[in-house]
Amino acid sequence: MPHSSVLRLDRFLRQADSGDGVLSPAAMAALDRAEEFPAEVCRVLDDFGLPTHYVDARHGGLLHDHVELVQLLRTVARRDLTVAIAHGKTFLGTAPVQVAGSLGQAAALAAEVRAGAVASWALTERDHGSDLLAGELTARRAEGGWRLDGEKWLINNATRSRFLCVLARTDERGGPRGFSLFLVDMDRLTAGSHRPLPKVRTHGIRGADISGIAFDGAVVPDDALVGAVGTGAETVLKTLQLTRTVCTALSLGALDHGLRIATQYALGRNLYGRRLSDLPRVRRILGEAAAGLIVAEAVTTVAARAIHTLTPEMSVIASVTKALVPTLAQDTLDQLGELLGVRGFLSDTYLDGAFAKLDRDHRIVAVFDGSTAVNRSLLIDHFPALARSWRRGTADPDAVTATLPGTAPRPFEPGRLRLMSTRGCSLVQLLPDALDRLRDAVRQGQLPPEAARMADELDGLAEAVHTGMEHQERTVRDVPQSAFDLAARYELCFAAATLVHLWLDSARTPYDGLWLQAGLTLVLNRLGIAVDETRATSFDQLADRLLGTADGALAPVSAFSADTTQGGHR
């Protein structure tokens, strides 16, 4: 069930997202057309106290549970992705300091964020993109600290942030130990030592501050260094395990919004004398889209919990989650767009162009914090460890049990993060045992016989994926397409594992048999198993829930989001 803070935020934002409120579809559309930053809406989120949830409880914030943070950001993204991206960037800007900064440094930054300061993460450069080790911005020893020279570009909130967490080259030779992180307080820099780079026009998130910053002899004190000299790249990679997981909240919010728009359209549109929602094909599309939301939510929820419980395995889990969820979400939005037809492309008439905007905005999510290809490449690096662990059985069953929702998570310990997961992925390793329990549930009449057949198929597919990992050939400079295809199939095995584990623990989670069957049907279909009419009935039943009661009220499909059955355009 949703955290109380998520419910409070949902109720709080209802005052702003309808009528002529600052977060209404019309207001968001106007800002989008003007390519204007949503400053007033960000102030509304500040008034609620959302920035305090970006700060770890160890440093005086309210971040005890990364699932709660995911659902808070999802609640904002459900209204508008540009706003969620613009405001949520502060979490990314503070996360490296929470991972590797000193206690004093982290506490001081936390206090500033709680007071309203905006922070950003300045990693990328114009000529190097995601190749962070090619970065040219330098930090050299100088009297009073370090001198920064160079540019960071395509940085969210670069010109609006007081604090920038900057990755800089501290060794001319570069390499993994040639970079360090600095927390730059822009208010403390001397005049003329820095200048903003202009906002870049973008296809989506048009109102976001996607810009840059140039330093020219900007001197920062010694206490601006985050962690030890030369540990910048390592800290970035560990921090990305958090941010990649959390930013999938944007995809969940986009799916919530898109599914609501399509459902309301189907309920309100007549075709050939029949309501659109009565047509079998339309119901099938809506049900399959709802199944996509269930799978994406299951993966994100388990991954966010794993930050606390399976911390040493997050190098695998975060990469899988970031590659799978935005991809699945976009595929689902594409299906909904086909259902909406021309209304999915109109930018200023149907619902103020809300669907067209969210579709444009969401396409950037797959690029944030490493593209799908980057994340799959990281997963490919783990193939030997994943295959070896699958054979040897190195899973941590107690940690998997603790990962499932229903109890308060253990405090996050950043010192347990690892660059590589040497024990593989416990959730997937335990999939065969979980499938055995699923078959037992079928024998006991808790699930229909079709669930046992799906379990058998998943068993075979998971084994084939790990066998493929064992035999996958590659070199450092030549990664074949077959390896990326195998990574995509592993992601789906992970998705199946989250669905099965959640259902088996349904006493503590709200996942029921229909969610399990619909989710597994979708996963198996993406793994190449055709959907026959027996299995497709689960999509139809989901559509029945989605379309709701006789009076047209929407029944909730999502397990952990706030109540989406009330109000406005959510």
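Analyst: The lining of the second largest pocket consists of nine nonpolar residues, one polar and four charged. Here Ala, Val, Leu, Ile, Met, Phe, Trp, Tyr, Cys and Pro count as nonpolar, Asp, Glu, Lys and Arg as charged, and the others, Gly among them, as polar. This is a predicted model, in which local features need pLDDT of at least 70 and side-chain atom pairs pLDDT 80 or more, while totals for chains, interfaces and linings use all residues. Residues are numbered from 1 along each chain as its sequence is written, and side-chain values use heavy atoms, without hydrogens and water.

Of the 14 lining residues, Phe163, Leu183, Asp185, Arg188 and Asp223 lie nearest the centre of the pocket. Two or more lining residues come from each of α6 (103-114), β5 (179-185) and β7 (210-220). The largest share, four residues, belongs to α6. Helices (H or I, at least four residues) and strands (E, at least two) are DSSP runs, numbered from the N terminus.

The volume of this pocket is about 280 Å³. A pocket is an open set of points on a 1 Å grid over the protein atoms alone, where a 1.4 Å probe fits, with protein on both sides within 12 Å along at least five of seven lines; lining residues have an atom within 4 Å of a point. Grid points are joined across faces, edges and corners, and the volume is the space filled by probe spheres set on the points.
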